[in-house]
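Welcome, and thank you for taking a look at this protein.

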Amino acid sequence: MTEKSNELICTACGREALLLRKPVYEGFKKTGESLTCSCCGHVYADEESVPFRLKRAQTIFSEADRPRPVQVFNEGENQTLCRYCVHYVVNPFMQWCSFHKKEVAATDSCPKFEQKEVSEETAEE
Ligand SMILES: [Zn+2]
């Protein structure tokens with residue numbers, strides 16, 4: 001069992017914030033959770049799109065001394081896909097770049113690409 005942190009670094013306001021989880025009901029049936037940023041109220045479509053702050057790594061930085069994104073992958077190119085980017089937000093209706101405020105495709109690539117932290121978030125819920 002991996003314990004999930006509620007801390008995130010919000011893609012919308014860029015601050016360290018807490019994830020607010022609220023059950024969503026349709027009638028009496030729980031249909032999911034609403035995931036919002038405690039700072040700005042940005043709504044995340046699902047767990048996958050929440051930029052959780054990693055507990056182990058030293059991911060705590062302020063806006064000021066935020067390091068340049070490190071390119072950790074080999075060839076680079078094919079990894080700069082929107083679907084791997086922190087700015088990539090998926091909801092039931094579209095795929096969205098929270099940086100450019102526009103619709104994107106998972107296979108788009110982008111000069112503003114920023115590697116999404118991959119943590120335990122792939123563990124099934
Ligand atoms: Zn926020």
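Helices (H or I, at least four residues) and strands (E, at least two residues) are DSSP runs, numbered from the N terminus. Residues are counted from 1 along each chain, following the sequence as written. The model is a predicted one: local features need pLDDT of at least 70, side-chain atom pairs count only at pLDDT 80 or more, and totals for chains, interfaces and linings use all residues.

**Overall plan**

The protein has seven strands and zero helices, so from the N terminus its elements read β-β-β-β-β-β-β. A residue is called buried if 20 or more other C-beta atoms lie within 10 Å of its own, exposed if 12 or fewer do, and partly exposed in between, with C-beta atoms placed from the backbone. By that rule, 18% of the 125 residues are buried. Two residues are in contact if their C-beta atoms, placed from the backbone, lie within 7 Å. Of the contacts with a separation of 6 or more, 57% join residues 24 or more positions apart.

Strands of a sheet pair through backbone hydrogen bonds, either parallel or antiparallel. Here two strands are said to pair if DSSP finds at least two bridges between them.

E2 and E3 are joined by eight bridges. Strand E4 (residues 43–44) is linked to E3 by two bridges. Some residues that stand opposite each other are listed here.

| Residue | Stands opposite | Strand of the opposite residue |
|---|---|---|
| Leu20 | Thr36 | E3 |
| Arg21 | Leu35 | E3 |
| Leu35 | Tyr44 | E4 |

Two hairpins belong to this part of the chain. Between E2 and E3 there are two residues, and Gly27 in that hairpin takes a positive phi near 65°. The hairpin of E3 and E4 has five residues between the strands, and Gly41 in its turn has a positive phi of about 80°.

**The three-stranded sheet**

Another open sheet has three strands in the order E5-E6-E7, again with antiparallel pairing. E5 and strand E7 (102–103) stand at the edges with a single partner strand each, so one side of each has no neighbour in the sheet. Strand E6 (residues 95–97) pairs with E7 over two bridges, and the bridge partner of Trp96 in E7 is Glu103.

**The nonpolar core**

A nonpolar core is a set of buried Ala, Val, Leu, Ile, Met, Phe, Trp, Tyr and Cys residues joined through C-beta atoms within 7 Å. The largest one has 16 residues, and Leu8, Cys10, Val50 and Tyr88 have the most contacts inside it. Strands E1 (7–9), E2 (16–26), E3 (29–37) and E5 (88–90) each supply at least two of its residues.

What does Cys10 touch, not counting residues up to four places away in sequence? Its partners are Arg15, Ala17, Cys37, Cys39, Cys40, His42 and Pro51.

Thr107 lies in the segment after E7. Thr107 counts as exposed because 10 other C-beta atoms lie within 10 Å.
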